[in-house]
Amino acid sequence: MKFDILFSGVGGQGVLSLAAVIAEAALDEGLYVKQSEVHGMSQRGGAVVATLRVSDRPIASALIPKGRASLLISVDPLESLRYLQYLNSESLLVTSVAPFNNIPDYPDIDQLLAQIRALPHSLLVEADLLAREAGSTRAANVVLVGAAAHKIPLREKSFHHAIAKLFGRKGQGVVEMNLRAFSLGQRAAK
Amino acid sequence: MSLEQTNISVSLLGNEAAALGAHHAGISGAYGYPGTPSTEAMEYLHEVTPHQTHWCTNEKTALEAALGMSLVGRRALVVMKHVGLNVAADPFMSSALVGLHAGVVLLIADDPGMHSSQNEQDSRFYAEMAKIPCFEPANNQEAYDMTRSAFEFSEAHGVPVMVRLVTRVAHTRELVKTQVAESEKPLQKSKNPESWVLMPTIARKRWHLLLERQADLEKFAHQTKWNWVSDKASEVKVITTGSAINSYLENCDDLETAPSHLHLGFYPWPERMLRDFLKDACTVYVFEEGQPFLEKSLRGILPQDNIRWIGRLSGEVPREGELTPDSVRRALGLNENESLSPLPDLAARPPQLCPGCPHTDSYRSLNKVFNDFLDAPHLVTGDVGCYTLGALGSLKAIETCLCMGASIGLAKGASDAGFSPAVAVIGDGTFLHTGIPPLLDAIATNANITILILDNQVTGMTGGQPQLLPSSRLKEIVIGCGVDPQHVRSLQAHRKFEEQNAQIMKEEIAHPGVSVLIAVRECIETAKRKKRTEAQENL
């Protein structure tokens, strides 16, 4: 088994927290995990991309070859389109519909969403709305993980364990809120 | 999890793995200056052993303190990014001669592709120039294991040892298995301290000894498990070094016939092993991260018509930037994977100063001076930090970014040439790092320059490390250096003082000598972080 995921967004949007939930779920199943992170200058409001590779065998490169990512999860619709060359015709693109508009020439949002819908497999998620429904907009990234979960060859239980482990420090209330966010994301994908 | 537990697997960044390796090697001190992609090694040790982990003024002082620790018998780690080693180059080159007492390891993080740097220099050249060994981990397990080996080697041979990381290892997270930790070394002054007095008569002896020692280093290079040959039957040869092996392994299963493969993780390279491996070669691929360090030596300048070389020098592998599975795939002559086409003309999103950043307010005042009051040619030199981003976008406030501390020297040189007004913009951290010596130069000749210190009270770009001195001391330092106190003025870097600050800047730019303006307001990210922590503590 080999499953490669790309994450995109804008520095400061918590792209790494997305990867952390899935990485933790994969570790829970005893799989090999290799994750590349972004630090430094690009974190300052610029385009950022991170990778996560999961496999039942040792993983060589942290980078995903072109056309080999099975899944791309993006916290911003414009950023979701920046890395299409890493996807193939079977890959799924999951993105939040809410634009993070910090540049003067951010494209027209309707046109952007139409471009995303035109891809072979895409899923637009009202991550912010669903996160608010779960209890806090801060859970938007976990909503996205939930929406992508059906595509990831990991058990639902492993995601639940991962959420409990990662948010446990912040108290049971925060864990439950994120579990709700995850399941709202799952439902949005149906 | 206790960090002293061993034979357990921990999920770590490459930087953290090397740092934990150093901790388990029994270091008594870690010294460094923050710089991407190296910072997390020190941050990790700061969590584990706060009293032994010291952010320093700059990389030179960091290395010197580590050497001092070695002199009295205890192991020390030094952490910096590749360009930091330029700053530490003076003690670095000579530290190879002194005959170390306890182990000293330099953890150097190179940044091929310049994700967050001004150049992509390859630190292996430094190791070779100093005649010291260099370990080059391919992954985080090796970062842990090699750092431990590096301390052993350093102590056994009396030389500092480099562990060279690259961004892709430094910032990759994976599981690492730990081994039994060693305890700290006893405090015991070197019995042979005269070897540290590098005056010519002694230095010549030490240099001779170091050159003689090279045979031991090369012997180790042949024996170590980090340098290996997996197969040598094929006349098609692949040589990989350090993390470049990962991009090769991503592709090698797609090759029709398996080439011979030699991998290096330790330098100086094993010459006999390489000669033996290449003796029947027809095609040689060389994949290394960074510059064509090995490839250039292997090819030499004499004709080798019987061998086809493929690497960064031949052009099949890009001469610049980071290696990727895709660039290595192309070099190997394999077909590209099927993929979706990228969209052309997507709006770019370059990094920018955070909303509410105090630097933006200072830049707005500075731009106001030149737009509203002084409509004449002017020079604004800049420096290294978040505020370098002020060169871009709508601000376009600074015109240079060369190296740490350079803004002041550049402005002085321009002023010496007869140009004015010349303004140098430098952050508080960068000023303390290497900004004081050029300030002294400027004072010595009463250069007609204005220095704007952007004091956000932290090292912002690397995640908000604390300054060595409280912000309130900056003014004293500047006056202590000899700037006329009347021309050392503080500003509050806030939008509501934009006009007022511009007026003060204008006055000081008009002053025909050195003036220093200190624009103060805490980094917005640090302020936010503090607020969050306080809120959590009050819960």
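1. A polar contact is a pair of N or O atoms within 3.5 Å; within protein, one of the two must be able to donate a hydrogen and the other to accept it, and residues adjacent in sequence count only if both atoms are side-chain atoms. By that rule, 18 residue pairs, both at pLDDT 80 or more, are in polar contact across the interface of chain B and chain A.

2. On the basis of the note: this is a predicted model, in which local features need pLDDT of at least 70 and side-chain atom pairs count only at pLDDT 80 or more, while totals for chains, interfaces and linings use all residues. Residues are numbered from 1 along each chain as its sequence is written, chains are lettered from A and ligands numbered from 1 in the order in which they are written, and side-chain values use heavy atoms, with hydrogens and water left out.

3. The interface brings 44 residues of chain B into contact (heavy atoms within 4.5 Å) with 47 residues of chain A. About 3900 Å² is buried between the two chains, and carbon and sulfur atoms give 55% of this. Buried area here is the accessible area (1.4 Å probe) that two parts lose on being put together, summed over both. E250(B), L340(B) and R349(B) supply 21% of the area that chain B buries against chain A, more than any other three residues.

4. Salt bridges also cross the interface. The rule (a side-chain nitrogen of Lys or Arg within 4 Å of a carboxyl oxygen of Asp or Glu) finds 5 of them between chain B and chain A. One joins the side chains of R349(B) and D76(A), at 2.9 Å from N to O.

5. As to which parts of chain B take part, strand 1 (9-13), strand 8 (172-177), helix 10 (244-252) and helix 13 (325-331) each give two or more residues to the side that touches chain A. Strand 8 of chain B gives the most, with 4 residues. Helices (H or I, at least four residues) and strands (E, at least two) are DSSP runs, numbered from the N terminus. The residues on this side of chain B divide into 17 nonpolar, 16 polar and 11 charged. In that division Ala, Val, Leu, Ile, Met, Phe, Trp, Tyr, Cys and Pro count as nonpolar, Asp, Glu, Lys and Arg as charged, and the others, Gly among them, as polar.

6. Over all chains the count comes to 43 salt bridges. In one of them the side chains of R124(B) and E136(B) meet at 4.0 Å, N to O. R124(B) lies in helix 6 (residues 124-130) of chain B and E136(B) in the loop between strand 6 (134-135) and helix 7 (140-157), so the pair ties together parts that are 12 residues apart in sequence. Both R124(B) and E136(B) are buried, where buried means under 20% relative accessible area, exposed over 50% and partly exposed in between (1.4 Å probe, protein chains only).

7. A second pair is K185(B) and E155(B), whose closest N and O atoms are 3.9 Å apart. K185(B) is in the loop between strand 8 and helix 9 (200-223) of chain B and E155(B) is in helix 7, so parts 30 residues apart in sequence are tied together. E155(B) counts as partly exposed, at 25% relative accessibility.

8. E508(B) and R489(B) form a salt bridge with closest N and O atoms 2.8 Å apart. This pair links helix 18 (residues 498-510) of chain B, which holds E508(B), to strand 20 (residues 488-492), which holds R489(B); the two residues are 19 apart. E508(B) is buried, with a relative accessible area of 3%, whereas R489(B) is partly exposed at 24%. Elsewhere, salt bridges that share partners join D110(B), D122(B), R124(B), E136(B), R164(B) and E288(B) into one network.

9. Helix 14 (residues 358-373) of chain B has 16 residues and, at 1.5 Å a residue, should span 22 Å; its end C-alpha atoms are 22 Å apart, which agrees. The expected span is 1.5 Å times one less than the number of residues. Among the buried ones are Y363(B), L366(B), V369(B) and F370(B).

10. In helix 15 (residues 406-416) of chain B, the buried residues include I408(B), A411(B) and K412(B). Their cover includes strand 15 (379-381), strand 16 (422-427), helix 16 (428-444) and strand 17 (449-455) of chain B. Just after helix 15 of chain B, G418(B) takes a positive phi of about 105 degrees.
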